[in-house]
Amino acid sequence: MSHYFSNDGAGSDQRRSVETTIWGRDLTFATAGGVFSADGLDLGTAVLLRTYDPPVGTPRILDLGCGWGPIAVGVALACPGATVDAVDVNDRALTLCTENAATHGVADRVRPLRPEQVEPAATYDEIWSNPPIRIGKGALHELLLTWLPRLAGDGTGKLVVGRNLGADTLQRWLREQGFGCERAASAKGFRVLEVTR
């Protein structure tokens, strides 16, 4: 599965701090070169987080392509009952996500994992993702067909995709695979797609 993202962590490992606001909390994260959106919260993820309120109760969440952890940490802070599997193939991203979860006191509920470390039978109440569209259609389809079937029966996937990067085509393709897929929002050149079993 390592072809989904880059695992080499290319670029400087020098840490930098970025600040962002997630569900009303002002948060500081450590980032570094060689990970997605190292200079701050990317616009697509910001649109995704603005579209939805945080989960409630005791959900099991998958942050697919967690990067340095804004979704995973943000969900864990906003929903004290949530447990989050934060999955990436970039080892530097996983290290940063681990550090950021610890910094914000949620390391006991955020588990940064490589894909092969996830329990084969694990299912999720929610899957949050800004998927790596630029890896190519074949790899993207493989990625989604690997993880979206892990939704619990009434679970939902929350995906943000650039309109100009094939969001509408992806929505049609997901429906053709038998998933429910509705557009939950459209803003700043992005579509937010809500996926159900």
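This is a short tour of one structure, stop by stop, for use with a viewer. The model is predicted.

**Stop 1: the annotated domain**

Select residues 27-193. UniProt, in an unreviewed entry, places the feature "domain: Methyltransferase small" here. Over this range the chain is 31% helix and 29% strand. The C-alpha atoms at its ends lie 26 Å apart.

**Stop 2**

Now select residues 16-22, strand β1, and residues 25-31, strand β2. The two strands run antiparallel, and seven bridges join them. Look for Ile22: its bridge partner in β2 is Arg25.

**Stop 3: the seven-stranded sheet**

Show the strands β3 to β9. Seven strands form an open sheet, and its order reads β5-β4-β3-β6-β7-β9-β8. The pairing is mixed. From one strand to the next, the twist averages 20 degrees.

Zoom in on β3 and β6. They pair in the parallel sense over four bridges. Select Asp63 and Trp128: Asp63 stands opposite Trp128, which is in β6.

**Stop 4: helix α4 on the sheet**

Select residues 137-147 and show side chains. Which residues of α4 are buried? They are Ala139, Leu140, His141, Leu143, Leu144 and Trp147. What covers them includes β3 (60-64), β4 (83-87), β6 (124-129) and β7 (151-162). Helix α5 (167-176) is also part of that cover.

**Stop 5: Arg150**

Move on to the loop between α4 and β7 and select Arg150 there. Is Arg150 buried or exposed? Arg150 is buried, yet has no salt bridge. The nearest side chain of opposite charge belongs to Glu119, 6.4 Å away. A salt bridge would need a side-chain nitrogen within 4 Å of a carboxyl oxygen.

Finally, show what surrounds this residue. Leaving aside neighbours within four places in sequence, Arg150 is in contact with Val118, Glu119, Pro120, Ala122, Thr123 and Tyr124.

Definitions and conventions:
Residues numbered from 1 in each chain as written. Predicted model: local features only at pLDDT ≥ 70, side-chain atom pairs only at ≥ 80, totals over all residues. Heavy atoms only, no water. UniProt positions renumbered as here; feature names shortened; annotations may be inferred. Buried < 20%, exposed > 50% of the residue type's maximum accessible area, 1.4 Å probe, protein only. Contact = heavy atoms within 4.5 Å. Pairing = 2+ DSSP bridges. Axes fitted to C-alpha atoms, helices over the stretch in contact; angles between N-to-C directions. Lys, Arg positive; Asp, Glu negative; His and termini not counted.
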